Amino acid sequence: MRHLAKIFLFTCILGLSGCAMFGPPPAVGDTEAQTVAKLGQPKSVYADGNDKLLAYEPGYFGQYSYMARIGPDGRLKSYDQVWTMERFGLLKPDVSTRNDVLRTVGAPTEVVKYARSPYIAWNYGFKEAGVWNSMMSVYIDNQGIVRKLENGPDMRYDRGGDHAGMM
């Protein structure tokens, strides 16, 4: 039992020390190298015109995703949390493409093909308004066109209440 307590304590200290290593966020005007030094290597990189988007996407249970926009001069233009209703609102059914989705909100939390739907759902589990555990589903057809968006509760977190037994 003492051994488990020591492992737990070590894990907690290691986790807290990891948090202490993060410095201030990147500042507009930082070089790409400075941005990467502060944030680490991005999980994905997307081209957006002459700009480069460095995507810092979370894991399966992450609810926030960040993108650093590097201009053609190699300097940071913006650094934003992109899983927001405002950003999802930029995606237009029958107009936006799969690549538009990646450039706007990055990679999804999960990709699902539902049996009775002709579309693939890119699901984004996010913290809506910083409060609600929500899941935005972006439905994309076989040609890579966004056909609809649908927002609802994130069932990964809601296991009680009116949704009991749905998981």
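Strands S7 and S8 form a hairpin with five residues between them, and Gly144 in the turn has a positive phi of about 85 degrees. Strands (E, at least two residues) and helices (H or I, at least four residues) are DSSP runs, numbered from the N terminus. The model is predicted, so local features need pLDDT of at least 70 and side-chain atom pairs count only at pLDDT 80 or more, while totals for chains, interfaces and linings use all residues. Residues are numbered from 1 along each chain as its sequence is written, and side-chain values use heavy atoms, with hydrogens and water left out.

**Overall architecture**

The protein has four helices and eight strands. Along the sequence these elements follow the pattern α-α-β-β-β-β-α-α-β-β-β-β. Of its 167 residues, 36% count as buried; buried means under 20% relative accessible area, exposed over 50%, and partly exposed in between (1.4 Å probe, protein chains only). The accessible surface comes to about 10200 Å², of which 60% belongs to carbon and sulfur atoms. Such areas come from the Shrake-Rupley method with a 1.4 Å probe, and for residues only the protein chains shown count as cover. A contact means heavy atoms within 4.5 Å. Among contacts between residues at least 6 apart in sequence, 34% join residues at least 24 apart.

**Strand S7 and its partners**

Seven of the nine residues of strand S7 (residues 132–140) are buried, so this strand is largely enclosed by the rest of the structure. Two strands pair if DSSP finds at least two bridges between them. Strand S6 (residues 120–128) pairs with S7 in the antiparallel sense over nine bridges, and Trp122 stands opposite Val138 in S7. These two strands form a hairpin with three residues between them, where Ala129 in the turn has a positive phi of about 55 degrees. S7 also pairs with strand S8 (residues 146–153), in the antiparallel sense and over seven bridges. Here Tyr139 has Lys148, in S8, as its bridge partner.

**Salt bridges**

A salt bridge is a side-chain nitrogen of Lys or Arg within 4 Å of a carboxyl oxygen of Asp or Glu. By this rule the count comes to ten. The table sets out some of them.

| Asp48 | Arg103 | 3.6 Å |

Asp48 forms a salt bridge with Arg103. Asp48 lies in strand S1 (residues 44–48) and Arg103 in helix H4 (residues 98–105), so the pair ties together parts that are 55 residues apart in sequence. Asp48 counts as partly exposed at 25% relative accessibility, and Arg103 likewise counts as partly exposed at 24%.

Asp51 is buried, at 10% relative accessibility. Asp48, Asp51, Arg69, Lys77, Asp100 and Arg103 are linked in a network of salt bridges.

**A nonpolar surface patch**

Tyr60, Phe61 and Tyr157 form a nonpolar patch on the surface, with about 310 Å² of accessible area together. Patches are made of residues with over 30% relative accessible area and no salt bridge: like charges are joined within 9 Å, and nonpolar side chains (Val, Leu, Ile, Met, Phe, Trp, Tyr) within 5 Å. Phe61 is found in the loop between strand S2 (51–56) and strand S3 (66–70).
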